[in-house]
Amino acid sequence: MNRIFNVTRLHLNKIGSYVSVPLFILASVLVVTVIIQIAIQRGTGADPTSPEYIEGAQWNQAILWSLPGFLIYYGVQAVSTTYPFALALGTTRRNFILGTVLANALQSLYISVLLLVLLGVELATNHWFFGVYVLDVHLTGGGDPLILGFGSFLGVLFCLTVGGLFGAVWVRFGNKGPAIMGIGVGLVLAVILLIIAPKLGEILMGLTGGGLAIGVIVVILISLVGTWFAMRRASVR
């Protein structure tokens, strides 16, 4: 068990990017969103307390798309760059994967707490004093802290784990591995979309938060299994 914790501690050595980058991204998105929404209010003369304005503002998705790129990159490099060093120190592949999962879970928890704190400030300040909606939006639960906390935890863990899978495939198969896997996944998704296209609207309308969470958990588990199989025979580069 100590060796698993040692791998987690190894990931936490990059505490600068681990802690500060997500905070910087969220703060940047927050500032830009405040400026844009105030500009919209001034430009259109919209009343920020009107139901029509609130309904439109709550479809803001900026916070949702601000982190996935960084998180997937972080998941890739957590495996591809730390793995050789960890094995050189005597860590087994099994312990490396378990320690990495624990580090990913901690980062998911950290970012979820950040988002919950920002939601609390947003609600306490009546939406940043200007009727600006950043986290109290439909796609993050409409101000429900349970939905935001649980959903963001799973979302962050999803991005880190999928990134880790691509990193493991790169370690195992080289540069062509992630490209081939990405093309394969894209083709499979395209075929699935083609099959369900006639009932796509009905499926989306029937999609629940619980069903979405189960789907995300299944993808996380598949990614972990894929990471394990890719790294079983991966050499140290």
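The model described here is predicted. Thr33 is found in helix H2, which covers residues 15–44.

- A polar atom of the Thr33 side chain lies 2.6 Å from the backbone oxygen of Val29.
- When neighbours within four places in sequence are left aside, the residues in contact with Thr33 are Asn60, Ala62, Val132, Tyr133 and Val134.

**Packing of H9 and H10**
- Helix H9 spans residues 145–173 and helix H10 spans residues 176–196; their axes come within 7 Å and cross at roughly 130°.
- H9 and H10 are therefore oblique to each other, since an angle over 145 degrees would be needed for roughly antiparallel.
- On the H9 side, Leu165, Phe166, Val169, Trp170 and Phe173 take part, and they meet Lys176, Gly177, Pro178, Met181 and Gly182 in H10.
- The contact of H9 with H10 comprises seven nonpolar, two polar and one charged residues.

**Annotated transmembrane regions**
- According to an unreviewed UniProt entry, the feature "transmembrane region" is placed at residues 21–40, 70–89, 96–121, 146–171, 178–197 and 203–231.
- Residues 70–89 are 90% helix and 0% strand in the model, with their end C-alpha atoms 27 Å apart.
- Residues 203–231 are 93% helix and 0% strand, and the end C-alpha atoms of this span lie 36 Å apart.

Methods. Residues numbered from 1 in each chain as written. Predicted model: local features only at pLDDT ≥ 70, side-chain atom pairs only at ≥ 80, totals over all residues. Heavy atoms only, no water. Axes fitted to C-alpha atoms, helices over the stretch in contact; angles between N-to-C directions. Helix = DSSP H or I, 4+ residues; strand = E, 2+ residues; numbered from the N terminus. Parallel < 35°, antiparallel > 145°, perpendicular 65-115°, else oblique. Contact = heavy atoms within 4.5 Å. Nonpolar A, V, L, I, M, F, W, Y, C, P; charged D, E, K, R; others polar. UniProt positions renumbered as here; feature names shortened; annotations may be inferred. Polar contact = N/O pair within 3.5 Å; in protein donor to acceptor, adjacent residues only side chain to side chain.
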